[in-house]
Every structure is written in structure tokens, then in C-alpha cells.
Amino acid sequence: AFVGFALYAKTQGGIVKVVKRYVFVAAVGTLMTVASGVVNAEQEKVRKKTRDAFLGKIRGERYRVLPAKGMAKDKLIKYMHEESALERQWRDAKVSGMVYHSGPDVHEVIVESFKAFLTSNPLHPGVFPTVRKMEAEVVQMCIDLFRGGDNV
């Protein structure tokens, strides 16, 4: 075995050079293993910080699967209103650029439009031509607001 190694080393520039290369490769491998552990630890810190930032504010029970029995309609509606009332930051003007609230009249129109077109699907304009028409009108209004002209 030594003779084979000696012959190999001779073709590679000598035993010292081959041993240095093996030591270098072993050192780099060790450093990569250590660095990988450090990187993995840092990545886990970032994941935990992100999870805490998003999930830390969630109150109450978290559902991960569909419950075997659904909540009663009245109870569900009450729950949604209670939870919504707790989200006060935007109502108290403590955030910027997240909610564009135009007042109760516009809010009422939006709610009624959701009610009227809740089950429509704009992907099927043949079945829902009114939705397609309104969508085209909104797009055209945006083009006009940005002075896009007739050829846009």
C-alpha cells in the first residue's frame, strides 16, 4: 500500500505536497462542517424570530384542521365581530398606508357589492358578464387617472 502511495505521490509532485493537500482538504472539510452548524443555527434564529413576529400576535385557539363539528352561525358571526373589534391599530390611525378607509358610506357600498356578487367568478365572463363589464370599467378608469390615453 505504501509503495502505491509513494508512486502516486511521485506523480503529484512528492509526498510533502500530497500530505499538505490532504491536510488542507481535511481542514476545509472540518471548517465547512463547523460553518454549516453556525449557519444552520443562525437560520433557525431567523425562522423563530419571523414565526414569533407573525404568530405571536394570534390570540385564542388556532385551528390546523377542519373541526369535526362546525361552529353555529350566530356564534361564528359573533366571534368574527369580537375579533375584528380587537384589531384597533388601523382604526386608531396608528398605521400608515395599510388601510384606505373612505368612511361608513363607502364601506356600506363595498359590503353590499360583496353580497350582490359573492358567488360570481370573473374567470367566466360568459356566465358573469356584469362582473366582466365592471372590471373593464375599473381598468379603464385607472387608465384615465394615469392619463393612459385611448390606445392603452
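How many of the 14 residues of α4 are buried? The number is zero, so helix α4 lies largely in the open.

**View 1. Overall fold and confidence of the predicted model.** The structure shown is a predicted model, in which the protein averages a pLDDT of 85 and 99% of the residues score at least 70. The protein holds five helices and zero strands, and from the N terminus on its elements run α-α-α-α-α. Confidence is lowest in helix α1 (residues 2–11), with a mean of 77, and highest in helix α5 (residues 129–145), with 93. Where pLDDT is low, predicted coordinates should not be read in detail.

**View 2. Dimensions of the C-alpha trace.** Along its principal axes the C-alpha trace spans about 90 × 50 × 35 Å. The radius of gyration of the protein is 32 Å, whereas a compact globule of 152 residues would have a value near 15 Å. Buried residues account for 4% of the 152 residues in the protein.

**View 3. Helix α4 (residues 104–117).** At 1.5 Å a residue, the 14 residues of this helix should span 20 Å, and the C-alpha atoms at its ends are 20 Å apart, which agrees with that expectation. Because burial requires a relative accessible area under 20%, the count of zero buried residues in α4 says that each of its residues is at or above that cut-off.

**View 4. Nonpolar surface patch that includes M80.** M80 has its place in helix α3 (residues 73–86), and with a relative accessible area of 46% M80 is partly exposed.

**View 5. Salt-bridge network of E44, R47 and R51.** The count for the protein comes to seven salt bridges, and in this view E44, R47 and R51 are linked in a network of such contacts. Between R51 and E44, the closest N and O atoms are 3.3 Å apart. R51 counts as partly exposed at 40% relative accessibility, and E44 likewise counts as partly exposed, at 36%.

**View 6. Salt bridge between K78 and E82 in helix α3.** The closest N and O atoms of K78 and E82 are 3.4 Å apart in this salt bridge. Both residues lie in helix α3, four residues apart, which is about one turn of the helix. An α-helix has 3.6 residues a turn, so residues three or four places apart point the same way. K78 counts as exposed at 52% relative accessibility, whereas E82, at 41%, counts as partly exposed.

**View 7. Salt bridge between E137 and K133 in helix α5.** The side chains of E137 and K133 meet in a salt bridge with an N to O distance of 2.6 Å. These two residues are separated by about one helical turn, because they stand four residues apart in helix α5. E137 is partly exposed, having a relative accessible area of 32%.

View 8. The phi angle of R147 is near 55°, a positive value in a residue other than glycine. With a relative accessibility of 76%, R147 counts as exposed.

Definitions and conventions:
Residues are numbered from 1 along each chain as its sequence is written. This is a predicted model: local features need pLDDT of at least 70, side-chain atom pairs count only at pLDDT 80 or more; totals for chains, interfaces and linings use all residues. Side-chain values use heavy atoms; hydrogens and water are left out. The expected span of a helix is 1.5 Å times one less than its number of residues. Buried means under 20% relative accessible area, exposed over 50%, partly exposed in between (1.4 Å probe, protein chains only). pLDDT is the predictor's confidence in each residue, from 0 to 100. Patches are made of residues with over 30% relative accessible area and no salt bridge: like charges are joined within 9 Å, nonpolar side chains (Val, Leu, Ile, Met, Phe, Trp, Tyr) within 5 Å. Accessible areas come from the Shrake-Rupley method with a 1.4 Å probe; for residues, only the protein chains shown count as cover. A salt bridge is a side-chain nitrogen of Lys or Arg within 4 Å of a carboxyl oxygen of Asp or Glu. The radius of gyration is taken over C-alpha atoms; the globule rule is 2.2 Å times the number of residues to the power 0.38.
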